[in-house]
Amino acid sequence: MGLVTLLQANAADALDIGNQVPDAAAVKEGLFPEDACKELEAAGFKCMGFKPAVRYSLPAASFKVGSAELPDMLRKQLDVFADVLRGKAGSGRTVRIEGHADASGTPEANQALSERRAEAVKSYLVDKGADASMLEAVGLGATAPKVTKDPFAAENRRVEIGRVGAKP
């Protein structure tokens, strides 16, 4: 499987939260599912495994063409992520913020724009109290479209947030 195919598969696997403000408990369980096992074990129970960490796509079509400005709905969604991340400060865990662009610009412009989107989200989360050392911001340009049949689709302008190296 080539890198582009793998990236497209990962984009398809991300949970699109659309225009809903997610529940903090659901985000915590999605980003840090192994914590439930640790809580069970601390209570004297045996953990039989946990679901893999979830990657979130925030939200489809949230960015205007050529813009890294965070729309109001995205800010409301990120407030929930910031609440969850504040509780994980110093945990040594890494959360990856991926910026994405549609194919409307040159590859170079799309790469730079996607990096600005990821950095804008990281800055917002840090301003809201998230630990900067656990956040990794990367731009993927237009290389991993959410809508593969239409590389210019608004849904391809997004940010995805997920764990890096989520293991027990």
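**Salt bridges and the sheet**

Author: Asp102 and Arg157 are both buried. This is a predicted model, in which local features need pLDDT of at least 70 and side-chain atom pairs count only at pLDDT 80 or more, while totals for chains, interfaces and linings use all residues. Residues are numbered from 1 along each chain as its sequence is written, and side-chain values use heavy atoms, with hydrogens and water left out.

Reader: What makes the contact of Asp102 and Arg157 a salt bridge?

Author: The term requires a side-chain nitrogen of Lys or Arg within 4 Å of a carboxyl oxygen of Asp or Glu. For Asp102 and Arg157 the N to O distance is 2.8 Å, so the pair meets the definition. Asp102 belongs to the loop between strand 3 and helix 5 (107–127) and Arg157 to the loop between strand 4 and strand 5, so the bridge ties together parts 55 residues apart in sequence. Helices (H or I, at least four residues) and strands (E, at least two) are DSSP runs, numbered from the N terminus.

Reader: Why is Glu160 called buried, and how is Arg55 classed?

Author: Buried means under 20% relative accessible area, exposed over 50%, and partly exposed in between (1.4 Å probe, protein chains only). Glu160 has 1% and is therefore buried, whereas Arg55, at 22%, is partly exposed. The side chains of these two, Glu160 and Arg55, also form a salt bridge (2.1 Å, N to O). Because Glu160 lies in strand 5 and Arg55 in the loop between helix 3 (34–42) and strand 2, this pair links parts 105 residues apart in sequence.

Reader: Why are strand 2 and strand 5 said to pair?

Author: Two strands pair if DSSP finds at least two bridges between them. Strand 2 (residues 56–58) and strand 5 (residues 159–164) are joined by 3 bridges and run antiparallel, so they qualify as a pair. Tyr56, for instance, stands opposite Ile161 in strand 5.
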